[in-house]
Amino acid sequence: MSDLAEKKEIIRQLKEKILSMEGFCTGADSQLHDFGLGSMSAAFPGGTFPVGAIHELISSSETCAAAANGFMAGLLRTLMKREGFCLWISVGHKLFPPALKFFGIEPHRVIFIDVRREKDGLWIMEQGLKCNALAAVVAEIRDISFAESRRLQLAVETSKVTGFIHRLHPRTENTLACVSRWKIRPLASWTDGLPGVGFPRLEVELVKIRNGRPGIWQFEWRNRSFRLLPDRNQVAVKPAVSPKQRHYA
Amino acid sequence: MPKRYLYIWFRYLATDRLAKVRPELRGKSFLLYTPEHGRMVVKASSRQLTKEGISPGMVVADVRAILPSVEVFSADTVAEEKLLNDLAEWCIRYCPVVATDSPDGLILDISGCPHLWGGELSYIQSITNRLRKGGYEVRAAIADTVGAAWAVARYGRNETIIESGKQAEALSSLPPAALRLDDIILQRMDKLGFRQIGQFVSIPRLNLRRRFGDALLMRLDQVLGILPEPLQPVQPAPVYLERLPCLEPIRTVTGIEIAIKRLLEALCERFIQEGKGMRTGILKGYRIDGELEQISIGTNRASRNAIHLFKLFELKIQEIEPALGIELFTLEATLVEDVTENQEALWSTANRDRTAISELLDNIAGKVGIQTIRRYLPQEHYWPERSIKKVSSLDEQPETEWPTDRFRPIHLLPKPEPVDVMVVLPDYPPMHFRYKGEIIRIARADGPERIEQEWWLQNGPPRDYYRVEDDRGARYWLFRLGLYGNKKPQWFLHGYFV
């Protein structure tokens, strides 16, 4: 019996070693960043959201893009906690800075860069990822090739800055050297029969995660933190709304 | 080396200035006045008016009586002084020591300069021609002493050059006023019949002192060069310029890089000593075929970090075309600002981060332009488009808190897009709306939040905002422009919520 426990311990240590060699933070580091994702964290390698890596978010519509940006803002809140600055690169700037305040970010700590060409955006993202004074770099870029994403990954590995690539209507969902691929969709809010719009709810789909377990979770943004909805079966993904249920303020 | 001085007299400085500001006055008769003891006294008269016999010191009312058509303006002594200073700084191109002689003269210590222009005659002509082209009536003279140059410029022929040591001869035919004497002494001389300087130069000094006091002797000595006359040169703006002549013409990128590094090191050392930093810099490469290649950089904050500045130049090296080779590099910091790093050292880590970020932004600005980088600060307006303002500096902090009392969308459309809606009752949110050909059914709605136009900024109908959620969970920000009344109000989509 003790033999088995010993083996388990060795395997655990080896796993941790491999993860740290692959650039994921483990153990002690995880205490620094609590993203409030609750039990979803178990899906990540080492049980913590991978910082110092590049995440890819794919949106298929404008409304999904808004949801994805909101989700990112929720994550950035934790990353920027310690007086950090964040770079937000986009082609055709749409983000409305005051909304970031609702996600606990000081909007004036975000530096927006509005580029005309996507190539410039990637160049800026690489430069930003090399600068470890930044808390995070977000790029709203439509298309990126595998080679380009690898350059970004290499930059991240030395600087440990977290990067987000948000792709709206990508031509192809090609493989990238990113640690994860997310798809965020808005969900109908729950008001318990009361009129009005409730707290925003999101369906977070982790399509790919290196060394982790993909899955689908549902979150509600309430009181400046994520709240994992207990069981995704409780809330239908696409609730059918009967005309009777329509409430107006 | 014997000293040589050039005196430039701007005969109509005040009126020339006004004629430059208001070109319609050029060639007209007008005068400038200052109030004095409750009267308006002529301060300066234009050239045409001077020909008519109007001179400073007359009363404006008298001038009007003589010439009813004369135009009258009030004098601006501050602007004139500033103009004289600017002209003095401009003259630094001709010699390094330039002093102003208020109110309308410049003294240039030209010792050792005129040979660069091919002699004193072409030197003086070059200066006077350029000033004349610039719209100023000038008279100039060169002499061994300031006093002699002053006297000849004002009382002698224009562009006179007094040879070295010949002051006494040149001045002998000039009136005593050319010695810069007080009115009292001048009146006394006039009474005694001294009309020319030559008449009293040879009189024993003892007698002159008894009659006219020390002032006359001092002026005479100054004119003749026996007494030195100190100048107070205008302070030229320090030039931050480094030069690097090359033994062999430089043609390669590596060569240019080394040149830039050397220049930056020298310049940054100077910046560190003086507590300054570079905001903009220009690198010029003088090619052996006479062409000039140049690249320029700008930074967000004053920087004296040679490595960082080199990185900025490095991005632009490709723009340099060395052709047959570059023989001389110059690096000039055209905009220099004080760096306040010592004070910020208190919170060193944050400051280091900030420096790193501003250096990153410099890099980005060098690549895609400074106008692409933005930060936003809150403004105290409810109207969404006016609720934020753009800032460019990294140090600017918000004056007010970001508002959180109202929900704001995460995406705001740059221009509200019109939508077709179906509304059950006025002042109710729509049942559904059509946007880009798609019908979106609304399941839940919040609102309205009425935002009125700020009448002191703009007039127009108010907006009633609704936060709506469709049957698939997407959340939108809609507004109705105007109220239901005689005209049908229009609906717009203005943003997306999370």
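How many bridges join β8(A) to strand β9 (residues 225–228) of chain A? Four bridges join the two strands, which run antiparallel. This is a predicted model: local features need pLDDT of at least 70, side-chain atom pairs count only at pLDDT 80 or more, and totals for chains, interfaces and linings use all residues. Residues are numbered from 1 along each chain as its sequence is written, while chains are lettered from A and ligands numbered from 1 in the order in which they are written. Helices (H or I, at least four residues) and strands (E, at least two) are DSSP runs, numbered from the N terminus.

**Strands and hairpins in chain A**

- Strands β7 (residues 201–209) and β8 (residues 215–222) of chain A run antiparallel and are joined by six bridges. Two strands pair if DSSP finds at least two bridges between them.
- A:Val204 has A:Trp217 in β8(A) as its bridge partner.
- β7(A) and β8(A) form a hairpin with five residues between them. In its turn, A:Asn211 has a positive phi of about 60°.
- β8(A) and β9(A) form a hairpin too, with two residues between them. Here A:Asn223 in the turn has a positive phi of about 50°.
- A:Glu220 is paired with A:Arg227 of β9(A) as its bridge partner.

**Helix packing in chain A**

- Helices α4(A) and α5 (residues 146–159) of chain A pack at an angle of about 15°, with their axes 8 Å apart. Axes are lines fitted to C-alpha atoms, for helices over the stretch in contact, and angles run from 0 to 180 degrees between N-to-C directions.
- That angle makes α4(A) roughly parallel to α5(A). Angles under 35 degrees count as roughly parallel, over 145 as roughly antiparallel, 65 to 115 as roughly perpendicular and the rest as oblique.
- α4(A) passes α5(A) in a left-handed crossing. A crossing is left-handed if the near helix is turned anticlockwise from the far one by less than a right angle, and right-handed if clockwise.
- α4(A) contributes A:Leu122, A:Met125, A:Glu126, A:Leu129 and A:Lys130 to the contact. From α5(A) come A:Glu148, A:Arg151, A:Leu152, A:Ala155, A:Val156 and A:Ser159. Residues are in contact if their C-beta atoms, placed from the backbone, lie within 7 Å.
- By class, this contact has six nonpolar, one polar and four charged residues. Ala, Val, Leu, Ile, Met, Phe, Trp, Tyr, Cys and Pro count as nonpolar, Asp, Glu, Lys and Arg as charged, and the others, Gly among them, as polar.

**Helix packing in chain B**

- The axes of α11 (residues 253–274) and α12 (residues 306–314) of chain B come within 9 Å and cross at roughly 140°. That makes α11(B) oblique to α12(B).
- The crossing of α11(B) past α12(B) is right-handed.
- Residues in the contact include B:Ile260 and B:Leu264 of α11(B), and B:Phe310 and B:Phe313 of α12(B).
- The contact residues divide into seven nonpolar, no polar and two charged.

**Between the chains**

- Chain A gives 47 residues to the contact and chain B gives 45.
- α2(A) supplies the largest share of the chain A side, six residues.
- The chain A side divides into 28 nonpolar, ten polar and nine charged residues.
- β3(A) and β13 (residues 373–378) of chain B pair in the antiparallel sense over two bridges. A:Phe112 stands opposite B:Arg374 in β13(B).

**A loop residue in chain B**

- B:Arg472 lies in the loop between β18 (463–470) and β19 (475–481) of chain B.
- B:Arg472 is partly exposed, with 18 other C-beta atoms within 10 Å. A residue is buried if 20 or more lie within that distance of its own C-beta, exposed if 12 or fewer, and partly exposed in between.

Methods:
Contact = placed C-beta atoms within 7 Å.
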